[in-house]
Amino acid sequence: MYTSRIAGLGHYVPDNVVTNEDLSKMMDTNDEWIIERTGIKERRWIDPKTGDSPSTMGTKAARIAIKNAGLTPDDIDFIIFATLSPDYYFPGPGVMVQEQLGIKEIGALDVRNQCSGFVYSLSIADQFIKTGMYQNILVIGSENHSGGLEKSTRGRGVTVIFGDGAGAAVIQRSEDSKGILSTHLHSEGKHAEELALIGPNTGRWVPEIISEDNPEDSSYYPHMNGNFVFKHAVTRFMEVIGEALATNNYKPEDINLLVPHQANLRISQFVQAKMGLSDDQVFNNIMRYGNTTAASIPIAMSEAWQEGKIKEGDLVCLAAFGSGFTWASALIRW
Ligand code: UT7
């Protein structure tokens, strides 16, 4: 069997910076509340005039990742695209990336696992590579949240948290022991509606919502039971990181860099303190981008790598938790 390594990383975020001060002009919120509860100072939101979308941002991030891997788009064998905010309801954005990159008619898969989407996708890529089916897989996480958020006081508990952006990684076949050591995937569907966007759905399509014309209806905006999600997140993050370490006989002190899904700075800090990790062992950039769901880990990993915080031989742990609930981790020897 082969191993799979991360051969190249890239990310792209829209230019349009939205500060907490900007949000306070749209809804009853303030910089102090947002920083204290979430750590977020600003996020990027797509300016619709630019034409940016999950697929175009994903393609921009992918071009950088492919270049950093020393490859060209034609070297890619397969595309995996993770998002909860696709360009279209269907088809998913994977096929659009195939077209935008001008790649031959390779397979393209879309993954719907919200905040855990990138780690789930990495796990899928790892299996395809281990079995020898593909050599270079492009994994993308990309989100356009801003287009679907409720920009009023009613939506403030969700809207202030989320940002737009994309990250990409080229997962490559390797014949040495370095690379992805293990991945761990979990779900608990009984909490599906604690963090969800319920409508439109196959029981209640857009025409029905439009015909009801009900201003009280918030079902087509994301809903989050914040406290409930927070409590589950801290527990599951620690469990799934512990699972990755135990599987490979490592301890928290062996981790060179933990790249957690950027859900909330308080969640990352809680996990860091409980696991006894130093500031140098944990990477956070939620302050600048907010929570970008499936894009948050690849954006963070790409920035950490650019800043020299991930080096050859390092032990890197990725961990995510989010809607579903789903949670996942990956342990990588770089
Ligand atoms: O990425 C996927 C996973 N997602 C997460 O892990 C997110 C987990 N949850 C959270 O990050 C936090 O629960 C939030 C940041 C969403 C909320 O923070 P909180 O400390 O749990 O606040 P809360 O929901 O308990 O709300 C406290 C108060 C409420 O007012 P009252 O009822 O105490 O008068 C809210 O109405 O803060 C109010 N509030 C706000 N005030 C100003 C809620 N949102 C805002 C806001 N600005 N944006």
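Why does asparagine 136 count as buried? Hello everyone, let me start there. Asparagine 136 counts as buried because its relative accessibility is 7%, and the cut-off for buried is under 20%. Please keep in mind that this is a predicted model.

So where is this residue? Asparagine 136 sits in strand E6, which covers residues 136–143. Its side chain makes a polar contact of 2.9 Å with the side chain of glutamine 172. Leaving aside residues up to four places away in sequence, asparagine 136 touches Leu71, Asp75, Ile76, Asp77 and Phe78, along with Val170, Ile171 and Gln172.

Now let me take you to another buried residue, serine 182. Serine 182 belongs to strand E8, residues 179–187. With a relative accessibility of 9%, serine 182 counts as buried. Its side chain has two partners I'd like to show you. Another, at 2.9 Å, links the side chain of serine 182 to that of asparagine 248. Again setting aside residues up to four places away in sequence, the residues that serine 182 touches are Ala244, Thr247, Asn248, Ser329, Ala330 and Leu331.

On to the ligand. Which residues are closest to the ligand? They are Thr29, Arg37, His261, Asn264 and Asn291, out of 24 residues that surround it.

Let's look at some polar atoms there. Tryptophan 33 places a polar side-chain atom 3.1 Å from a ligand oxygen. For arginine 37, a polar side-chain atom is 2.9 Å from an oxygen atom of the ligand. Arginine 156 has a side-chain N or O atom 3.0 Å from a ligand oxygen. As for cover, the ligand on its own exposes 950 Å², and the protein buries 73% of that.

Which elements give two or more residues to the shell around the ligand? These are helices H2 (31–38), H6 (156–159), H8 (226–247) and H9 (265–275), together with strand E12 (315–322). Of these, H8 provides the largest share, with four residues.

By residue type, the shell holds eleven nonpolar, nine polar and four charged residues. Both domains take part: domain 1 (3–176) and domain 2 (181–333) each give at least three residues to the shell.

To come back to where we began, asparagine 136 is buried at 7% relative accessibility, and serine 182 is buried at 9%.

Key
Residues are numbered from 1 along each chain as its sequence is written. This is a predicted model: local features need pLDDT of at least 70, side-chain atom pairs count only at pLDDT 80 or more; totals for chains, interfaces and linings use all residues. Side-chain values use heavy atoms; hydrogens and water are left out. A residue is near a molecule or strand if one of its heavy atoms lies within 4 Å of it. A polar contact is a pair of N or O atoms within 3.5 Å; within protein, one must be able to donate a hydrogen and the other to accept it, and residues adjacent in sequence count only if both atoms are side-chain atoms. Accessible areas come from the Shrake-Rupley method with a 1.4 Å probe; for residues, only the protein chains shown count as cover. Ala, Val, Leu, Ile, Met, Phe, Trp, Tyr, Cys and Pro count as nonpolar, Asp, Glu, Lys and Arg as charged, and the others, Gly among them, as polar. Domain bounds come from an automatic or database domain assignment. Buried means under 20% relative accessible area, exposed over 50%, partly exposed in between (1.4 Å probe, protein chains only). Contact means heavy atoms within 4.5 Å.
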